[in-house]
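Let's take a look at what holds this chain together on the inside. Have the sequence and the model open as you read.

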Amino acid sequence: MRSVFTFFLGLLVALPAPAQSELRLNHIQVIGSHNSYKEAIDPALLEMIRTRDPQRATELDYHHVSLTEQLELGLRNLELDVFHDPEGGRFATPYGIQMMQTRGARPASYDPLGTMHEPGFKVLHIQDIDFRSTCLTLQLCLEELKLWSDASPDHLPIFITINAKDDQIALPGFATPLPFNAAALDALDAAIRATLPEDKLLLPDHVRGSHATLPEAIRTEGWPSLDEVRGRFVFILDEGGRKQTAYLAEHPSLQDRTMFVAAPKDSPAAAIFILNDPIGQADQIQRLAQDGFIIRTRADSGTLEARANDITRRDAAFSSGAHLISTDYYLPNPAFETDYQVRLPENLIALCHPLTAPAGCDTSDIEEP
């Protein structure tokens, strides 16, 4: 891994440093985590899943430390999966716990404070089987992020990818998620702003300014400077199809919206892209980065690279020109008996972007106090 970063840093070391104000949001490259809230599935339940679907069990066999610990480790891109639960209780009694108890297993305690019975968005991966979370509700997750941010007010912007989940699982005993329609998405915006004030957010309105569309603003004005956006959060709705259509209805350039969206390049809302294949989509990622857009990609998926200690996709992610590189392995998993890991060299929090950073950019220009 070090050789990839050393190559890029070596290109810049002899050049004069740019003024701090020249460094903008799309001039940096950071790492983050995928399904950042996810705790491990109970071993007994994971074995039940493995009996039915071995590949799925392998893909689900990962977990994370708390959001606070990830931020302390230098991650600046997190991901939350949210389920709409306006009345509360829809996901309070996971069927997986009943399955374990029926087979004589003793599952660990779940939600002893009854948080899942309260109204509001819930944070979990898959209803009834992959339900353990370091912060069970969106409010708890956001409060944790705000607490850390308030204590570290000059941090680099933290990108939060949101998946609005409503897929149904047609099995007896499984909870039925509510659809993410326009009203649910409005409520999601409101929930974010209820915990994070506007001065803690980078909104689409901030980037667009007086321009008609986000692409026009990015082409003519560029992204805000790093100085302007330190201490803020950038939310991205990672949904297409009907959910994105509903979110953009009456807000075609994301006017008054809280989240950016992964819209097509020709959309008036285009600004941030989710392209998770840094090998097959490398050319597209590079073109978009050179056009000023911000891109997230993934260094690994489904535990495969970590188990095989395969760094091909990881190195491709960094060289592709993606700004946000998501991984499940900012810490290695000792159970795999490999040293696979995705971290920046010298415990850096960010690198100068290999394609867009101004000549002379140095990581010392980006460092957090």
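Which cysteine does a disulfide join to Cys352? The partner is Cys361, with an S to S distance of 2.1 Å. Keep in mind as you go that this is a predicted model.

## The Cys352 and Cys361 link

Turn to the S-S bond of this pair: the torsion there is about -80°, so the disulfide of Cys352 and Cys361 is left-handed.

## The Cys135 and Cys141 link

There's another disulfide to find, between Cys135 and Cys141, and its sulfur atoms sit 2.1 Å apart. Here the angle about the S-S bond is 90°, and the link is right-handed.

Cys135 has a relative accessible area of 3%, so it counts as buried, the cut-off being under 20%. Cys141 is buried too, with a value of 0%.

That brings the count to two disulfides. Number the bonded cysteines along the chain and the pattern reads 1-2, 3-4.

## The nonpolar cores

Now for the greasy part. The largest nonpolar core has 88 residues, and the members that touch the most others are Ile160, Ile162, Trp223, Phe235, Ile272 and Ile366.

Take Ile272 and see what surrounds it. Leaving aside residues up to four places away in sequence, Ile272 touches Phe159, Trp223, Val234, Ile236, Phe260, Val261, Ala262, Ala263 and Ile294.

Conventions. Residues are numbered from 1 along each chain as its sequence is written. This is a predicted model: local features need pLDDT of at least 70, side-chain atom pairs count only at pLDDT 80 or more; totals for chains, interfaces and linings use all residues. Side-chain values use heavy atoms; hydrogens and water are left out. A nonpolar core is a set of buried Ala, Val, Leu, Ile, Met, Phe, Trp, Tyr and Cys residues joined through side-chain atoms within 4.5 Å. Buried means under 20% relative accessible area, exposed over 50%, partly exposed in between (1.4 Å probe, protein chains only). Contact means heavy atoms within 4.5 Å. A disulfide is a pair of cysteine sulfur atoms within 2.5 Å.
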